[in-house]
Amino acid sequence: MIDSKLKEKAAFAILLAATIIVIAPVALILAIILINGLPALSFEFLFSIPRDGMRGGGIFPALVGTFYLIVGTALFAIPFGILAAIYLNEYAQRNRLTRAIELAIINLSGVPSIVYGLFGLSLFVEFLGFGASILAGSLTLAIMTLPVIITATREALSAVPRSFREVSFSLGASRWQTVRGVVLPNAIPGILTGTILGLSRAAGETAPILFTVAAFYLPKLPTSVYDQAMALPYHIYVLSTQVPNVSVKVQYGTVLVLVGMIFILNIVASYIRSYFRKKKTW
Amino acid sequence: MKRTTEWIIEKLIFISGIGSIVFVALIFFFLLKEGLSLFASVNVFSFLFGVNWYPISEPPQFGILPLILGSLLVTLGAVVIAVPLGIASALYVAEVAPKWLSEILKSGIELLAAIPSIVLGFIGIATLAPFLKNVFNLPSGLTALAGSIMLAFMAMPTIVSIIEDSINSVPRSYREGSLALGATRWQTIYRVILPAASSGILAAIMLGIGRVIGETMAVLMITGNAAILPTSILQPVRTLTATIAAEMGEAVSGSEHYFALFAIGIVLFVISFIINLVADFFMNRNKKRNKKK
Amino acid sequence: MVNNKIEIGGLNVFYDGVHALKDLDLKVREKEILGVIGPANSGKTSFLRCVNRLNDLHDNFKMAGKIMLDGKSIHEIDIHLLRKRIGIVFALPLPLPLSVFDNIAYGPRTHGVKERTKLLEIAESSLRAAALWDEVKDRLETSAFKLSGGQQQRLCIARTLAVGPDVILYDEPCSALDPISTLKIEEAMRSLKENYTQVLVTNNVKQAARVADRTAFFLMGEMIEIDETSRLFTAPADKRTEDYITGRFG
């Protein structure tokens with residue numbers, strides 16, 4: 001008896017140690033980024049163009065590029081993803097087609113990001129002739145983000161009680177009226193949270209934009225969707241591997257901006273989640 | 001009027017619904033369209049099993065065996081590190097830690113999942129590589145081992161969260177039954193909970209592998225990028241994904257090299273397809289098994 | 001001459017292959033309250049949900065037989081129109097997460113009524129008919145969840161009335177309510193008799209005795225007998241009916 005108690009203590013200590021090995025580096029990484037990146041942050045760093053072969057100046061074009069890409073991705077992925085989730089959750093019967101769609105979504109979420117890059121290059125850049133452009137990059141990121149949005153939306157839709165739908169149907173509402181009238185309004189917080197998380201992930205992706213939009217260096221801002229653009233993740237790649245002698249300050253400053261942006265999106269998402277969870281009456 | 005709008009909306013919903021199938025098909029089709037052109041001049045066998053990847057020498061050689069082995073080596077290393085750590089932390093978070101601590105740990109893991117791979121690659125170059133260089137006294141820290149460590153870390157959120165879910169889906173009655181018979185919590189965990197969650201754990205491992213094999217930017221930056229047959233984990237290697245990322249920029253559209261990179265894309269697509277199907281199989285088994293009781 | 005509002009002939013219902021309702025023949029008369037009693041799983045609810053085709057939402061549902069509303073098969077009536085004409089009140093009070101007013105207005109809006117004055121008129125008349133108006137007239141804009149359980153259920157009745165049905169189905173409407181709220185609902189039913197045909201499925205035998213004109217007894221998917229309520233309760237023709245109403249099982 002004492003023996004098994006002792007064993008339990010030892011086992012739990014090992015589990016704790018493993019957890020620390022997993023979690024401690026996260027804290028360490030964030031600390032390193034903060035400590036090295038904070039000194040770089042200034043109004044000028046955020047809002048001026050890179051100078052001295054990107055060793056100085058700011059990151060404004062990359063910031064703007066990433067912003068455009070997020071907006072572009074959102075424009076394509078959100079409507080498509082939400083409609084697809086509505087189909088799966090509210091319309092689809094349990095049959096082979098539905099199963100095939102589900103498998104397709106699982107596979108889309110598993111396709112390596114660089115393969116999305118190849119696909120975007122071949123379909124959007126070359127075949128459709130968009131060239132390396134914000135349009136091609138956004139579409140590529142959008143398809144990559146779809147499974148995240150579909151899955152999150154589906155969860156949010158299925159969390160709406162079945163009885164709401166029955167009430168609506170029993171009053172003579174059609175399926176679409178039911179979806180619009182009682183299902184969507186009650187699923188919006190969940191959809192919003194999932195969508196923001198999906199977009200924040202897209203914002204940090206590098207591989208899919210490598211050949212579809214990302215520019216090494218552009219002194220001016222893009223003016224149309226057919227322009228190339230700089231983007232924060234790719235800019236980090238360039239600063240850390242392609243340009244020699246970039247100051248640590250500039251590198252970490254850029255990293256901090258990207259990570260900060262993504263964390264803000266994440267915080268907004270979880271705030272929405274907890275706010276509506278508290279307000280929820282059903 | 002109302003009926004027409006509704007009709008249009010419902011058609012849009014249906015089209016979006018089957019969109020995912022269309023996209024998977026499109027991806028596969030466009031990879032094939034470009035990738036298969038390679039096999040007009042190179043045979044499949046010497047592509048898959050050729051030991052030399054010299055895409056721009058004269059004549060070029062397109063053997064991806066070193067890349068496949070590079071990916072495998074890095075993945076294997078990552079799995080060896082990630083699986084025990086992942087299972088242990090998931091157990092700690094789900095079964096051992098008090099609620100407040102487990103909430104904190106979970107948000108820590110969520111934070112990790114939110115950090116982009118490019119950032120982890122960058123930090124890896126700045127911290128992990130010099131560290132390994134010193135410890136093992138290497139000419140460069142950019143090695144397969146560095147990649148494995150990094151990737152193990154990156155796969156952790158996937159592995160931990162799925163294992164945690166499957167542990168949580170083990171019916172409460174199993175736990176209570178075991179504890180009522182006088183077993184300690186630890187005995188309950190490894191005799192009852194681990195076996196009951198085994199399908200979920202397998203699914204987590206598969207999805208972790210999928211994440212690791214497909215990871216691009218961090219490995220590109222940290223594994224040293226040498227397209228040679230790896231003999232040791234302390235050597236630089238080059239993975240399938242990193243090859244595409246590193247070389248597509250230079251490959252001329254429509255050249256053999258360009259096609260070869262797409263052919264690598266096909267290999268990656270097929271691997272991820274299989275891994276996800278297997279993971280889905282385990283996932284469904286886990287659901288079914290724990291629903292019955 | 002009594003008019004039959006609903007006529008059911010040879011109705012059989014299956015869920016996932018389980019035979020839930022067997023060869024049901026039943027006529028519901030215009031403007032009567034028909035009580036349907038019986039133990040759990042006797043097919044009462046299955047019968048009810050066939051009439052307004054709510055069962056169609058169930059994936060593995062199959063039915064055979066005829067159901068006629070005013071002499072016309074319900075499958076020949078547009079399903080949305082059918083559900084508009086045959087309202088249902090569920091076992092639990094199920095207000096939508098909207099204000100009192102929006103709950104009532106939900107149905108009419110679905111059927112194209114947009115003007116607020118018209119909607120307010122409908123709300124007032126339906127709430128009055130459901131005997132709720134005086135209790136909620138000053139808080140039409142508060143959340144329906146703020147009402148008591150009994151008020152919520154009467155709100156659901158009003159919501160059903162608001163789309164202008166001629167038949168109201170009740171699926172054990174008082175099973176979650178206290179005795180006082182139950183009495184209020186029964187009063188509302190009696191006052192609705194003038195304009196509506198009502199079918200009350202209940203697991204409370206006394207409730208059927210109190211409000212139903214005629215009562216049917218269901219057991220294991222079959223209708224055992226149907227008669228004037230007074231007769232069924234005093235001189236049941238079937239031994240099983242007697243056993244049930246005297247509380248020997250169920």
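**Notebook: cavities, a pocket, a helix and some cysteines**

I began with the largest cavity and sorted its lining by class: eight nonpolar, two polar and one charged residues. A reminder to myself: this is a predicted model, and each value here is computed from it.

**Entry 1, the largest cavity.** I wanted to know how much space the largest cavity holds, and the answer is about 60 Å³. Its lining is made by T66(A), L69(A), I70(A), T73(A), L141(A), A202(A), A203(A), E205(A), I209(A), A231(A) and P233(A). The elements giving two or more residues to this lining are α3 and α8 of chain A. I then checked who gives the largest share, and found that α3(A) does, with four residues. Counting cavities of 30 Å³ or more, I get four.

Next I turned to an open space. The second largest pocket holds about 730 Å³. I found 23 residues in its lining, and N89(A), E90(A), R175(A), L57(C) and D59(C) are the ones nearest the centre. Which elements supply at least two residues each to this lining? I noted α3 (60–91), α7 (162–170) and α8 (175–204) from chain A, plus α2 (79–85) from chain C. Sorted by class, I have ten charged, seven nonpolar and six polar residues around this pocket.

I followed helix α6 of chain B, which covers residues 144–168 and so has 25 residues. From first C-alpha to last I get 35 Å, close to the 36 Å expected at 1.5 Å a residue. Where does α6(B) bend? I find a bend of about 40 degrees at M156(B), with a proline, P157(B), following within four residues. I also looked at how covered the helix is: 20 of the 25 residues of α6(B) are buried, so the rest of the structure largely encloses it.

I took C156(C) as a case to look into. Its closest cysteine sulfur is in C174(C), 12 Å away, so the two are too far apart for a bond; the cut-off for a disulfide is 2.5 Å. Is C156(C) buried or exposed? I have it as buried, with a relative accessible area of 3%. C50(C) is buried too, and its relative accessible area is 1%.

Technical notes:
Residues numbered from 1 in each chain as written. Chains lettered and ligands numbered in written order. Predicted model: local features only at pLDDT ≥ 70, side-chain atom pairs only at ≥ 80, totals over all residues. Heavy atoms only, no water. Buried < 20%, exposed > 50% of the residue type's maximum accessible area, 1.4 Å probe, protein only. 1 Å grid on protein atoms, 1.4 Å probe; cavity = no way out; pocket = protein on both sides within 12 Å on 5 of 7 lines; lining within 4 Å. Points joined across faces, edges and corners; volume = space filled by probe spheres on them. Nonpolar A, V, L, I, M, F, W, Y, C, P; charged D, E, K, R; others polar. Expected span 1.5 Å × (residues − 1). Bend = angle between axes of the 7 residues up to and from the residue.
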